[in-house]
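Please keep the sequence and the model in view while reading.

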Amino acid sequence: MGRKVTLATCCLNQWALDFEGNLSRIFKSIEIAKQKGAKYRLGPELEICGYGCADHFYESDTLLHCFQALKSLLESPLTHDIICDVGMPIMHHNVRYNCRVIFLNKKILLIRPKMLLANYGNNREFRWFSPWSRPRHIEEYFLPRMIQDVTGQTTVPFGDGVLSTKDTCIGSEICAELWNPRSPHVDMGLDGIEIFTNSSASYHELRKADHRVNLVKSATTKSGGIYLFANQKGCDGDRLYYDGCAMIAINGDIVARGAQFSLEDVEVVTATLDLEDVRSYRGERCHPHMEYEHKPYQRMKTDFCLSDCDDRCLPTHQPVEWIFNTPEEEISLGPACWLWDYLRRSGQAGFLLPLSGGVDSSSTACIVYSMCVQICQAVKDGNSQVLDDVQRVVNDSSYRPEDPRELCGRLFTTCYMASENSSEDTRNRAKDLAAQIGSNHLNINIDMAVKGMLGIFSVVTGKWPQFRANGGSARENLALQNVQARVRMILAYLFAQLCLWAQGKPGGLLVLGSANVDESLTGYFTKYDCSSADINPIGGVSKMDLKCFLQYCVKRFQLTALVSILDAPPTAELEPLTDGKVVQTDEADMGMTYSELSVIGRLRKISKCGPYSMFCKLIHSWKETFSPSQVATKVKHFFRMYSINRHKMTTVTPSYHAENYSPDDNRFDLRPFLYNTQWAWQFRCIDDEVAMME
């Protein structure tokens, strides 16, 4: 009957500017799609060059190399008899656009530029691209000569058009267009387009996957249709992790899906679907002659069928249930995959982590262990790319990882850096956790280095600072804490560079940080201490989520050493002990609890609250716990600490982006770092409200 179509979408672990590797993964996805019988293959956004090129998009080299890669795709016999939809930047009339290039059998059928750009969160697309602002308008695009030589075409259609095959019609969306209230698929559906495609570079945030799935389901629930969603996967060169979730939906149901987190560089998802199901669905629900008033889409016609005449025996895909990962599972899997991409692409030989025995550094350690678990499972499942990468990292071509603990010992070095202010409890907690995950664990005492630093200061000034507990001032107390923290950073980098050398092994180690998102909010860390590392897998995760994650690890990985870590109060252990016990705690130092910080952080970033509006919201949500004056005190204290310490965010370690209230100063949360920390006008407004209420 010729009405069943087999379509392919994919997730590719692309790397910014890795044209050779990116092209290889595109070819592999096309090959797999054809093996599965697909006649249409959709890839991620800007897949040829990688989404994260940033200011390299300005360079003519980037455009040139994209066309060179496109030429290879057009010439290859592998792309024959399948419609290929690939992403790359293109300059048209001296304006740069984020485009889809759709081609078949050495002919470019349509270049579709992105119309609605992403310019929020971590996205800055307006910096590099312009939106195509002419709906349903097509122009001629003059092809570069290298492409003309292959296609025999001088010009091709460029603009907001759709593709018409002999049996159906296909329309494109690009990433953020799905999330926009004026999504193109609405008008396309009313104009008879039956298949919608979306090529994305959608990055991971905790608790986000269901939003993405619901949008795809909603897009085909309203007016029917088939929806293909492609996404990038992995770390393509910065703080973001693109979390896959390729999917295919029809009439509001997901019928095929890919993984959210995996170590597969190429994942292809296919589905066979009946176009008559779309037509039947629309026949009851849609009346475009009454609802659609816009100019119709221009259809680029091609003499090609997605279906076969004899398809009676071809089964169609049925709806599947999407089981979403819990936040704890997301923390276990996402940052671990990000770390693996970073490690194998950086050319280093492993990681080093200062392991204090607290929640934060233990969380980082557990993420590395989860990475080792995933590597072993991938090798067991026959992933040759992971095996090649791990053999290269450990410098052993015969190595085959089977036990995560054994692999952890090869890749991961932990060190407990004790001072005279460290307790035996934290030392034992760090040692026990290291033993359970199998890391190469070191015990280092920093007192000699600290005394040496203070000795230099004393020789120059004739003064020897004292802790507050010994009669010193607040300035002395803080300086003595900071020198310990900074010595630890220096030693961490020394051991990362040379500990493998000392063992007669090649390579160096990447230093891992372990400051959480809440501490970054208030600046509760020492600038250039152990939070200063190469990368930080938990820098975008809240303390409350990390505690839940460790509870998950106790059960998932049988890491019983985490129980005592969770029971202990968080402490920096930078002030003298009392009777061998810790008296300094993080929450006392910060003047608020971590749960309170999470609430304040979300109000500051997500709800866009300044001091006054934050106070007005918290007097209601905290009314059972605090009086208005107490709420005012907490809000003022937070904003003072936040503004005093904001400068620390300009040098904070690059962190995995996971939380939508992250204070990361790189591009997610742009603020001044020199504030008037008195907030006189704002705090006076709060005081006036308190006076009226009390």
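The second largest pocket is lined by 24 residues, and Y120, Y203, E205, K208 and N660 lie nearest its centre. This is a predicted model, in which local features need pLDDT of at least 70, side-chain atom pairs count only at pLDDT 80 or more, and totals for chains, interfaces and linings use all residues. Residues are numbered from 1 along each chain as its sequence is written, and side-chain values use heavy atoms, without hydrogens and water.

**Pocket**
- On a 1 Å grid over the protein atoms alone, a pocket is an open set of points where a 1.4 Å probe fits, with protein on both sides within 12 Å along at least five of seven lines; lining residues have an atom within 4 Å of a point.
- The second largest pocket holds about 530 Å³ of space, a volume being the space filled by probe spheres set on the points, which are joined across faces, edges and corners.
- Its lining comprises 12 nonpolar, five polar and seven charged residues (Ala, Val, Leu, Ile, Met, Phe, Trp, Tyr, Cys and Pro count as nonpolar, Asp, Glu, Lys and Arg as charged, and the others, Gly among them, as polar).

**Overall fold**
- The protein chain has 24 helices and 20 strands, which are DSSP runs numbered from the N terminus (helices: H or I, at least four residues; strands: E, at least two).
- The C-alpha trace of the protein chain spans about 90 × 75 × 45 Å along its principal axes.
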